[in-house]
Amino acid sequence: MNAPVAWHQSAPVLRLSADAENLTNYNNMLYTEHIKDNKLFLRLYRKGKYTATEYFTAYYMPNKLPFNRFGITAGKKIGSAVVRNRAKRILREAYRKNELSMPIGYDIVFVARPGIVGAKTGDIERVLVSKILKSMKSQ
């Protein structure tokens with residue numbers, strides 16, 4: 001009788017090369033880094049141009065870099081943590097889907113507004129393309 005084999009010894013192991021692992025990270029955006037520094041947020045609020053919509057306000061400003069920097073905020077006026085996180089996910093996804101049509105070399109901050117609570121991702125994408133892109137390109 002053979003000794004019992006542990007599950008990890010018999011399970012096939014799939015390993016990806018380093019290049020393939022980089023390609024499978026679906027959350028990465030191609031030409032964008034995340035803004036984490038509070039100074040950049042404050043500078044955009046003070047000196048950046050903005051466009052307000054029913055769902056969010058977008059602050060933007062050229063950054064003279066070969067990529068965009070992107071941030072999202074959702075205050076407590078929006079709702080509970082679950083609602084705020086959903087709003088941020090929707091905004092992040094709408095930006096990610098339209099990243100290639102965005103002009104490069106901008107700092108962009110989206111501030112969620114209470115109207116985003118019942119919105120779908122498609123609604124946000126339409127507003128992003130129709131209003132935000134037009135105002136950024138007309139600069």
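Me: Where is A52 placed?
Reply: A52 belongs to strand 2. Keep in mind that this is a predicted model.

Me: Is A52 buried, exposed or partly exposed?
Reply: A52 is partly exposed, since its relative accessible area is 41%, and buried would require under 20%.

Me: OK, and which residues does A52 touch?
Reply: Leaving out residues up to four places away in sequence, A52 touches T57 and R113.

Me: Let's move to helix 5, then. What span does helix 5 reach?
Reply: Helix 5 covers residues 121-137, 17 residues in total. From first C-alpha to last it reaches 23 Å, close to the 24 Å expected at 1.5 Å a residue.

Me: Where does helix 5 bend?
Reply: The bend is at L128, and it comes to about 35 degrees. L128 is also one of the buried residues of helix 5.

Me: Which others in helix 5 are buried?
Reply: Besides L128, you have I124, E125, V127, I132, L133, S135 and M136.

Me: And what covers them?
Reply: The cover includes strand 2 (49-52), strand 3, helix 4 (81-97) and strand 5. Strand 2 is where A52 sits.

Me: Switching to the largest nonpolar core: which residues touch the most other members?
Reply: Those are F56, L91, I108, F110, I116 and I124, out of 27 residues in that core. At least two residues each come from strand 3, strand 4, helix 4, strand 5 and helix 5. Helix 5 gives the largest share, six residues.

Me: What does L91 touch?
Reply: Not counting residues up to four places away in sequence, L91 touches F56, F70, I72, F110, A112, I116 and I124.

Me: What lies apart from that core?
Reply: There is another core, of seven residues, and I35, F41, L44 and V109 are among them. In general, nonpolar side chains tend to be buried together in soluble globular proteins.

Me: F41 and L44 look like helix 3. Which residues of helix 3 are buried?
Reply: In helix 3 (residues 38-47), L40, F41 and L44 are buried. Viewed down the helix axis they fall within an arc of 105 degrees, so they line one face of helix 3.

Me: What do they pack against?
Reply: Strand 3 (56-62), strand 4 (68-73) and strand 5 (106-112).

Me: Last one: which residues are exposed on the other side of helix 3?
Reply: K39, R46 and K47 are exposed there.

Definitions and conventions: Residues numbered from 1 in each chain as written. Predicted model: local features only at pLDDT ≥ 70, side-chain atom pairs only at ≥ 80, totals over all residues. Heavy atoms only, no water. Buried < 20%, exposed > 50% of the residue type's maximum accessible area, 1.4 Å probe, protein only. Helix = DSSP H or I, 4+ residues; strand = E, 2+ residues; numbered from the N terminus. Arc of directions from axis to C-beta. Contact = heavy atoms within 4.5 Å. Expected span 1.5 Å × (residues − 1). Bend = angle between axes of the 7 residues up to and from the residue. Core = buried A, V, L, I, M, F, W, Y, C linked by side-chain atoms within 4.5 Å.
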